[in-house]
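Please report on the pockets and the charged contacts of this protein.

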Amino acid sequence: MFTGVIVDTLAIFIGGAIGLFIHKGIPEKVEQAIMKALALSAIYIGITGMTSGENTIFIILSLVIGVVIGEFIQIDGNVNRLTHFLASKVPTQDKDSTFSEGFITGTLMMCVGALSIVGPIESGLTGNHTILFTNAVMDGFTSIILASSLGVGVLFSGFLVFIYEAAIVIFSGSLNTLLTTPMIDDINAIGSILVLAIGLNMLRLTDIKVMNFVPALFIPMIVFFLY
């Protein structure tokens, strides 16, 4: 039942470990260049993904309502406290802000795509893990690139990815009815906006508390359920 989720998670861990190994031999100037390339890639992914949404007003309302919820319960602050705690327990020199950045960036970039939603649903309903296996290949390469610049925090994002995808597998029966194609497209558009914000933050152009916007991803489902 969880074969696809486990393979995807292992791909993140293995890719992250490879990225950490590469990270040790990268000169600082090259590392900074890779960071900028990652930021531009995130911006590109965000811009192209935003066009998948079909209901612009609904997406805007989801972002507004979501960030109000996120600010109220201080998701960003709580996540940062968690990452600082984890960083203090990790036997590595990578204990600065890059741990938190790697954790948040890795989690969002590997959770917001349509494959991360459709894949677990298909695994739970039919036992077919093809989509998650495909997603695992993509996540593996993504984690290599991210960990090579952002460090060990990317590996820890694998735990949240596992919980997220496993939960979708467990509730796949209900979600298959709830998540229509237009709704998945809107959720993907909202997630792409968050990835765009990550890219802007990585370039130090903005200081957006991206995690406070995460509840926006669930607003379409809540509204549909209440409706």
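How does the lining of the largest pocket divide by class? The lining has 14 nonpolar, nine polar and one charged residues. Ala, Val, Leu, Ile, Met, Phe, Trp, Tyr, Cys and Pro count as nonpolar, Asp, Glu, Lys and Arg as charged, and the others, Gly among them, as polar.

This is a predicted model: local features need pLDDT of at least 70, side-chain atom pairs count only at pLDDT 80 or more, and totals for chains, interfaces and linings use all residues. Residues are numbered from 1 along each chain as its sequence is written, and side-chain values use heavy atoms, with hydrogens and water left out.

**Confidence**

The protein chain has a mean pLDDT (the predictor's confidence in each residue, from 0 to 100) of 85. Of its residues, 96% reach 70 or more. Helices (H or I, at least four residues) are DSSP runs, numbered from the N terminus.

**Pockets**

A pocket is an open set of points on a 1 Å grid over the protein atoms alone, where a 1.4 Å probe fits, with protein on both sides within 12 Å along at least five of seven lines; lining residues have an atom within 4 Å of a point. Volume is the space filled by probe spheres set on the points, which are joined across faces, edges and corners.

| Largest | about 490 Å³ | H7, seven residues |

The largest pocket is lined by 24 residues. Closest to its centre are Ile 45, Met 109, Gly 113, Met 138 and Thr 142. Helices H2 (28-50), H5 (97-111), H6 (115-126), H7 (130-150) and H10 (181-202) each supply at least two lining residues.

The second largest pocket has 17 lining residues. Glu 101, Ile 104, Asn 201, Asp 207 and Ile 208 lie nearest its centre. Helix H4 (75-89), H5 and H10 each supply at least two residues there. Its lining divides into six nonpolar, six polar and five charged residues.

**Salt bridge**

The structure holds one salt bridge (a side-chain nitrogen of Lys or Arg within 4 Å of a carboxyl oxygen of Asp or Glu). Arg 204 pairs with Glu 101, their closest N and O atoms being 3.7 Å apart. Arg 204 lies in the loop between H10 and helix H11 (219-226) and Glu 101 in helix H5, so the pair ties together parts that are 103 residues apart in sequence.

Are the two partners buried (under 20% relative accessible area) or exposed (over 50%), with a 1.4 Å probe and protein chains only? Arg 204 is exposed, at 56% relative accessibility. Glu 101 is buried, at 15%.
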